[in-house]
Amino acid sequence: MIPAVYLVDDDEAVRRAVSDLLEADGLVVRSFAAAEELLAGWDSNWRGCIVLDLRLPGLDGLQTQRALHAKGVRLPIIFLTGHGDVQQSVRAMKAGAFDFLQKPVSADVLVPRVFAAIGADGIRAAGELERTRAAERLQRLTAREAQVLAHLLDGKANKEVASALGISPRTAEVHRRNILQKTGVSGLL
């Protein structure tokens, strides 16, 4: 899925101005007038970042951040507000916000921060994909290979693994070779 900016602001003029600014830099923007619209239409396959107003009717920005986290959403959130204070900024950042910007914000500030947030999401998504693939490769191991792997990861040599599991050193070597082949790694530690 193409990364996008999910913009939530109740002010139509702000939504239009920010959308135009970001789209001029080649970004895809999806706009929402309320947090509830974003949450109702959320798709777990969405990638990119969220630009979120702090003061919104209904759920405010901080409540929306909590609701997104409760849904498992991990997209970076950039707060954009004309009414923020230090305490709100600290709360947002402690809860994992990517940035907290004051309106009006210049293109020279907003656009690079949005690109940085999208980049951070790409790195996070790639890491999740690699962890998923690694877990799938580990599931290919037999129960005995998983036991051997646990001992190998503890730094034990094949002879020590064999002794601990009551198998021959040659069998431990065969299991080690199978583990390397099934997991697609070139070596263990």
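**View 1. The salt bridge between Asp53 and Lys103 in the predicted model.** Asp53 counts as buried, because its relative accessibility is 6% and the cut-off for buried is under 20%. Lys103, at 25% relative accessibility, counts as partly exposed. In this predicted model, the two residues form a salt bridge in which the closest N and O atoms are 3.5 Å apart. Asp53 belongs to strand β3, whereas Lys103 sits in the loop between β5 (99–102) and α5 (107–139), so the pair ties together parts of the chain that are 50 residues apart in sequence. Asp9 joins Asp53 and Lys103 in a network of salt bridges.

**View 2. The salt bridge between Asp99 and Arg113.** Here the closest N and O atoms of the two side chains are 2.6 Å apart. The pair links distant parts of the chain, with Asp99 in strand β5 and Arg113 in helix α5, 14 residues apart. Asp99 is buried, with a relative accessible area of 15%, while Arg113 counts as partly exposed at 28% relative accessibility.

**View 3. The salt bridge between Arg137 and Glu130.** In this pair the closest N and O atoms are 2.9 Å apart. Arg137 counts as partly exposed at 22% relative accessibility, and Glu130 also counts as partly exposed, at 39%. The count of salt bridges in the model comes to nine.

**View 4. An aromatic cluster formed by Tyr6, Phe32, Trp42 and Trp46.** The model has five aromatic pairs, and one of them is the stacked pair of Tyr6 and Trp46, with 4.5 Å from centre to centre and 10° between the planes. Tyr6 lies in strand β1 (residues 4–8) and Trp46 in the loop between α2 (35–40) and β3 (48–53), so this pair ties together parts that are 40 residues apart in sequence. Both of these residues, Tyr6 and Trp46, are buried. Phe32 and Trp46 form a tilted pair, 6.3 Å centre to centre with 40° between the planes. Because Phe32 lies in strand β2 (residues 29–32) and Trp46 in the loop between α2 and β3, the pair ties together parts that are 14 residues apart in sequence. Phe32 is buried, as is Trp46.

**View 5. The packing of helix α6 against helix α8.** Helix α6 (residues 143–153) and helix α8 (residues 169–183) pack at an angle of about 95°, and their axes are 9 Å apart. The two helices are therefore roughly perpendicular to each other. Residues in contact include Val148 and Leu149 in α6, and Ala172 and Ile179 in α8. The residues of this contact divide into five nonpolar, two polar and four charged.

Terms used
Residues numbered from 1 in each chain as written. Predicted model: local features only at pLDDT ≥ 70, side-chain atom pairs only at ≥ 80, totals over all residues. Heavy atoms only, no water. Axes fitted to C-alpha atoms, helices over the stretch in contact; angles between N-to-C directions. Helix = DSSP H or I, 4+ residues; strand = E, 2+ residues; numbered from the N terminus. Parallel < 35°, antiparallel > 145°, perpendicular 65-115°, else oblique. Contact = heavy atoms within 4.5 Å. Nonpolar A, V, L, I, M, F, W, Y, C, P; charged D, E, K, R; others polar. Phe/Tyr/Trp six-rings, centres within 6.5 Å; stacked < 30°, edge-to-face > 60°. Buried < 20%, exposed > 50% of the residue type's maximum accessible area, 1.4 Å probe, protein only. Salt bridge = Lys/Arg side-chain N within 4 Å of Asp/Glu carboxyl O.
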